[in-house]
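Here is a short briefing on one structure. Please look over the sequence and the model before reading on.

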Amino acid sequence: MRPSFHPSLVNGPFADPLLFIPFIFENRAVLFDLGDIYALSSRDILKISHVFITHTHMDHFIGFDRLIRLLLGREKTLYLYGPEGFIQNVEGKLAGYSWNLVQNYSNRFILNATEVHSDRQITKQYLCRQKFSVDGETVTEPLERSLLEEPALTVSTVIVDHSLPCLGFCLNERFHVNIMKDRVLSLGLEIGPWLKKFKQALFNYQDPDSQFTVAYAENEKKEKTFTLKKLTSQIAMITPGQKVVYIADVVYNRTNLEKIVDFASQADHLFIEAAFLDRHRAIAQQKYHLTAGQAGTIAGLARVKQFTIFHFSPRYIGEEHLLYQEAQEAFEAGFGQTTP
Ligand SMILES: [Zn+2]
Ligand SMILES: [Zn+2]
């Protein structure tokens, strides 16, 4: 299966947390956490439509300024999500600058911030051209497990404890479209950009009986038309989509353990913080962080297919292999076990 999403931790395991998830089928990306984003190119930053922030400790939110700076004057709506208190943090950031010239921008840049509580979500919108003043009503809705629902994907959340409410995120691709290239060729077609449009039509739930025109060959000079249903049955195999889970900054206790194991269950890829080694378990507990062993145990209990640890304490520079080793051993020991 060729994945539609390629999540990557932009910074090294010792630097600020930031999971960049570009979509292959569109020129777009989402971000989990907003630590220092200087390692991301402007081109990649401009692809970002939604940013999901676990909590507003500085290392997870310091990228806000660069992100907003790059988007000033652009025609864009940026959606931000964060935990309880998030709106106050966003407004505090915006209040830190002078905005006396932004009314001159001809484009509308809109910032949409949603704060997630255990029972509700609160959304406010800010208009750049009006000095980021609140635009429209504050919307309060009951909390749905999914923060974002689109034809191709959902992003859901879980609230965990990190001495403050902290969000975990799960990106779920609704289904995955596998193209059988030999079948494409045997129909006399060629591999080309039309495949992207074809996948998009499926993700948009386009009417299966509608016509789909394949433009192929050099400069798309040749054309053939099929019903979407017929073309799908001939060249594609639909399989369950990818599940990517991101957990950053959480203390190891029973409630968190049960919540995360359930939330990350059978994920294709779990990204999970592991700040300390088990030998510093007491410090981890005191700082509301996980050890590599605890992260590995959670990944094993959740039976994830792949997991990556990150957010290492700088005390382990040069010893990162110990963190990976400890996590892997705990993963293997915990895999398939039930929560103790
Ligand atoms: Zn952190
Ligand atoms: Zn933190």
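How many bridges join β7 to strand β9, and in which sense do the two run? Four bridges join them, and the strands run antiparallel. The model is predicted.

**Strand β7 and its partners**
- Strand β7 covers residues 120-127, and six of its eight residues are buried, so the rest of the structure largely encloses it.
- On β9 (residues 139-142), T140 is the bridge partner of I122.
- Strand β6 (residues 109-116) is antiparallel to β7, with seven bridges between them.
- V116 stands opposite Q121 of β7.
- The hairpin from β6 to β7 passes through three residues.
- β8 (residues 133-134) also pairs with β7 in the antiparallel sense, over two bridges.
- Y126 has V134 in β8 as its bridge partner.
- Five residues lie between the strands in the β7 and β8 hairpin, where K131 takes a positive phi near 55 degrees.

**The zinc ion (ligand 2)**
- Its donors are H55 (NE2), H57 (ND1), H162 (NE2) and D249 (OD), at 2.2 Å.
- The arrangement is irregular because the four donor atoms subtend angles of 84 to 166 degrees.
- The donor residues follow the spacing H-x1-H-x104-H-x86-D in sequence.
- H57 sits in the loop between β4 and α2, and D249 in the loop between β17 and α8, so the pair ties together parts 192 residues apart in sequence.
- H57 is partly exposed at 31% relative accessibility, whereas D249 is buried at 2%.
- D249 also coordinates the zinc ion (ligand 1), which is 3.5 Å from the zinc ion (ligand 2).

Methods:
Residues numbered from 1 in each chain as written. Chains lettered and ligands numbered in written order. Predicted model: local features only at pLDDT ≥ 70, side-chain atom pairs only at ≥ 80, totals over all residues. Heavy atoms only, no water. Donors = N, O, S within 2.8 Å, 3.2 Å for Na, K, Ca; no water. Tetrahedral: all angles 85-135°; square planar, octahedral: opposite > 155°, others 65-115°. Buried < 20%, exposed > 50% of the residue type's maximum accessible area, 1.4 Å probe, protein only. Pairing = 2+ DSSP bridges.
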